[in-house]
Amino acid sequence: MFSSLLAVILMTALVASTSSLRASCEMRLHNNGTKIGKVTFTSRGNNQRIEVILKGDPEKITQGYHTLTVRSRAVQGKPANCENTGDIFKKGGTVLGDFGGVRAGERGEVNQYHIITVDPDAMEEIWGVAEGVIQCPPVALKVWPDGREEKIKDLDQAEIDMYRLLTEGKESFFIGYKEPDCYLPVSNKDVHTLNQPMFYLRGKKSIVGKAVALRAQNDESGESGEMIACCTLRRDN
């Protein structure tokens, strides 16, 4: 009887230690309230993850690096007033709410991922992966007199067909080229090995119930500028 009870207690403790905790919120523009995406913090055992997926007006989320922080208070009022969320979250003099820079693309998008492994005995390190490079040549088109455009699959055959129609006195097309939209949205994945968790989702050090904020970074000085967006983190489970 005692051994069975002990097994149940140990199993319950194991499940609790490896259960997934998640907190998230929908980011809204400062003093505007427009939704621009979502920030999610997940913690399971010694593995943690932060996802910042945003898309907004490029005049608001300007191209370049901005800072992501958790503040000492929740967002106050509607629309979101990000300036009233206090200082960066600290506990006992230790900063717990600084999550560094996130990079925005020229179309106002942010796709930032932090993948964290917590290992007290490991050497701390970080390495990152950004978006790749794509080949994006001009697209060859058949352009007809009435303005119709047809994508060319075989350029050699298209040239033969064009001259054949001309020699037969029939309506023909000319071959034109169009630059495609080759924009590749920015994406950053930073992989960390840390001795301590990057964040906490329960206990006295928890960031739940506090505001997460995106703040512009001055490209010349590197100092933080105006608030861009914020939201209050809530537990999802």
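Buried means under 20% relative accessible area, exposed means over 50%, and partly exposed lies in between (1.4 Å probe, protein chains only). This is a predicted model, in which local features need pLDDT of at least 70 and side-chain atom pairs count only at pLDDT 80 or more, while totals for chains, interfaces and linings use all residues. Residues are numbered from 1 along each chain as its sequence is written, and side-chain values use heavy atoms, with hydrogens and water left out.

**Stop 1: the whole protein**

Start with everything shown as a cartoon. The protein has two helices and 16 strands. Helices (H or I, at least four residues) and strands (E, at least two) are DSSP runs, numbered from the N terminus. Of the 237 residues, 36% count as buried. Contact means heavy atoms within 4.5 Å. Among contacts between residues at least 6 apart in sequence, 68% join residues at least 24 apart.

**Stop 2: helix H2**

Select residues 155-167, which form helix H2. H2 has 13 residues and spans 19 Å from its first C-alpha to its last, close to the 18 Å expected at 1.5 Å a residue. The expected span is 1.5 Å times one less than the number of residues.

Which residues of H2 are buried? They are Ala158, Asp161, Met162 and Leu165. Seen down the axis of H2, the buried residues fall within an arc of 100 degrees, so they line one face of the helix. The arc is that of the directions from the helix axis to the C-beta atoms. Strand E10 (139-143) and strand E12 are included in what covers these buried residues. On the other side of H2, turn to Asp156, Ile160, Tyr163 and Thr167, which are exposed.

Now look at the two ends. At the start of H2, a side-chain oxygen of aspartate 154 comes to within 3.2 Å of the backbone nitrogen of aspartate 156. Just after H2, glycine 169 has a positive phi of about 75 degrees.

**Stop 3: salt bridges**

Side chains of opposite charge can pair when their charged atoms come close. A salt bridge is a side-chain nitrogen of Lys or Arg within 4 Å of a carboxyl oxygen of Asp or Glu. A search of the whole structure finds eleven salt bridges.

Stay at H2 and show the side chains of aspartate 161 and arginine 164. They form a salt bridge whose closest N and O atoms are 4.0 Å apart. The two residues are three residues apart in H2, and so are separated by about one helical turn. Aspartate 161 is buried at 18% relative accessibility, whereas arginine 164 is partly exposed at 37%.

Next, select glutamate 149 and lysine 178, whose side chains meet in a salt bridge (3.0 Å, N to O). This pair links distant parts of the chain, with glutamate 149 in strand E11 (residues 149-151) and lysine 178 in strand E12 (residues 174-178), 29 residues apart. Glutamate 149 is partly exposed, with a relative accessible area of 44%; lysine 178 is partly exposed too, with 41%.

Then go to arginine 215 and glutamate 83, which form a salt bridge (3.6 Å, N to O). Arginine 215 is in strand E14 (residues 211-217) and glutamate 83 is in the loop between strand E4 (64-70) and strand E5 (90-91), so the pair ties together parts that are 132 residues apart in sequence. Glutamate 83 is partly exposed at 40% relative accessibility.

**Stop 4: the nonpolar cores**

A nonpolar core is a set of buried Ala, Val, Leu, Ile, Met, Phe, Trp, Tyr and Cys residues joined through side-chain atoms within 4.5 Å. Select Met27, Phe41, Val70, Phe199, Ile207 and Val212: of the 33 residues in the largest core, these touch the most other members. The largest share of this core, five residues, comes from strand E1.

Centre the view on valine 212. Leaving aside neighbours within four places in sequence, the contacts of valine 212 include Cys25, Met27, Val39, Leu68 and Ala229. Apart from this core lies another, of eight residues, among them Ala140, Trp144, Ala158 and Leu165.

**Stop 5: histidine 114**

Finish in strand E8, where histidine 114 lies. Is histidine 114 buried or exposed? At 5% relative accessibility, histidine 114 counts as buried. Not counting residues up to four places away in sequence, histidine 114 touches Gln48, Arg49, Ile50, Phe99, Asp190 and His192.

Key:
Polar contact = N/O pair within 3.5 Å; in protein donor to acceptor, adjacent residues only side chain to side chain.
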